[in-house]
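I've opened a new page for this one. I'd like to go through the fold piece by piece and jot down what I find.

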Amino acid sequence: QVQLVESGGGLVQPGGSLRLSCRASGFTFSNSGMYWYRQAVGKERDWVATIHSLITSFGHSTNYADSVKGRFTISRDNTQNTVYLQMNSLKPEDTAVYYCSTILYGSNYWGQGTQVTVSS
């Protein structure tokens with residue numbers, strides 16, 4: 001049974017930082033690309049970042065949405081079956097529920113989400 005459990009959300013002031021974690025189980029984590037998405041109230045769920053399973057001499061390949069590039073960093077620890085999202089220089093517009101996701105056999109799997117609120 002595939003499970004994705006996010007944690008690490010909370011309330012932070014503009015300019016602050018948070019680190020989200022997503023613990024995975026029920027599938028071969030090291031072979032799977034992992035994704036972070038977010039959904040603000042009244043808006044669609046948007047892709048934030050991807051970390052691929054393939055590792056090169058430069059590490060795992062990553063991709064970011066333009067809105068978070070240079071501020072967020074996605075990483076993974078295959079020994080802990082965990083993917084992380086380090087979020088720095090947070091802005092009020094980063095406020096959303098953040099979800100981790102993976103795709104297995106053509107199906108999307110999602111965690112329950114963790115709320116991030118950026119406000120003074």
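This is a predicted model: local features need pLDDT of at least 70, side-chain atom pairs count only at pLDDT 80 or more; totals for chains, interfaces and linings use all residues.

**Entry 1: the kind of model**

**Entry 2: the open sheet**

I started with an open sheet of 4 strands, and I read their order as S1-S3-S8-S7, with antiparallel pairing. Which strands stand at the edges? I found strand S1 (3–7) and strand S7 (72–77) there; each has a single partner strand, so one side of each is left without a neighbour in the sheet. From one strand to the next, the twist averages 15 degrees.

As a reminder to myself, strands of a sheet pair through backbone hydrogen bonds, either parallel or antiparallel. I then looked up how S1 is joined to strand S3 (residues 18–25): the two run antiparallel, with 5 bridges between them. I also looked for what stands opposite Ser7, and I found Ser21 in S3.

**Entry 3: Thr82**

Next I went to strand S8 (residues 82–87), where Thr82 is found. Is Thr82 buried or exposed? I have its relative accessibility down as 6%, and the cut-off for buried is under 20%, so Thr82 counts as buried.

I listed what Thr82 touches, leaving out residues up to four places away in sequence. Ser21, Cys22, Arg23 and Phe29 are among them, and so are Ser75, Arg76 and Asp77. Ser21 was already in my notes as the residue opposite Ser7. I also looked at the side chain of Thr82: one of its polar atoms lies 2.8 Å from the backbone oxygen of Gln80.

**Entry 4: Asn88**

I moved on to the loop between S8 and strand S9 (96–104), where Asn88 lies. Asn88 has a relative accessible area of 29%, and I wrote it down as partly exposed.

How far apart are Asn88 and Phe72 in space? C-alpha to C-alpha, I get 6.0 Å, although the two are 16 residues apart in sequence. Phe72 is also one of the residues Asn88 touches, along with Gly16, Ser17 and Arg71, when residues up to four places away in sequence are not counted. I noted one polar contact too: the side chains of Asn88 and Gln86 are joined at 2.9 Å.

**Entry 5: aromatic pairs**

I then turned to the rings, where the structure holds 3 aromatic pairs. One of them is Tyr37 with Trp110, edge-to-face, at 4.9 Å centre to centre and 70 degrees between the planes. Tyr37 lies in strand S4 (residues 34–39) and Trp110 in strand S10 (residues 107–110), so this pair ties together parts that are 73 residues apart in sequence.

I looked at Tyr99 and Trp110 next: their ring centres are 6.4 Å apart and their planes stand at 85 degrees, so I put this pair down as edge-to-face. Tyr99 lies in strand S9 and Trp110 in strand S10, so here the parts tied together are 11 residues apart in sequence. Tyr37, Tyr99 and Trp110 form one aromatic cluster.

Tyr99 is buried, at 12% relative accessible area, whereas Trp110 counts as partly exposed at 34%.

**Entry 6: charges over rings**

Last, I asked which residue has its charged end over the ring of Tyr99. I found Arg45, 3.7 Å from the ring centre. I also noted Arg19, which lies over the face of Tyr84 at 3.9 Å from the ring centre.

Note on methods: Residues are numbered from 1 along each chain as its sequence is written. Side-chain values use heavy atoms; hydrogens and water are left out. Buried means under 20% relative accessible area, exposed over 50%, partly exposed in between (1.4 Å probe, protein chains only). A polar contact is a pair of N or O atoms within 3.5 Å; within protein, one must be able to donate a hydrogen and the other to accept it, and residues adjacent in sequence count only if both atoms are side-chain atoms. Contact means heavy atoms within 4.5 Å. Two strands pair if DSSP finds at least two bridges between them. Axes are lines fitted to C-alpha atoms, for helices over the stretch in contact, and angles run from 0 to 180 degrees between N-to-C directions. Rings of Phe, Tyr and Trp (its six-membered ring) pair if their centres lie within 6.5 Å; planes under 30 degrees apart count as stacked, over 60 as edge-to-face and the rest as tilted. A charge sits over a ring if NZ of Lys or CZ of Arg is within 6 Å of the ring centre and within 35 degrees of the ring normal.
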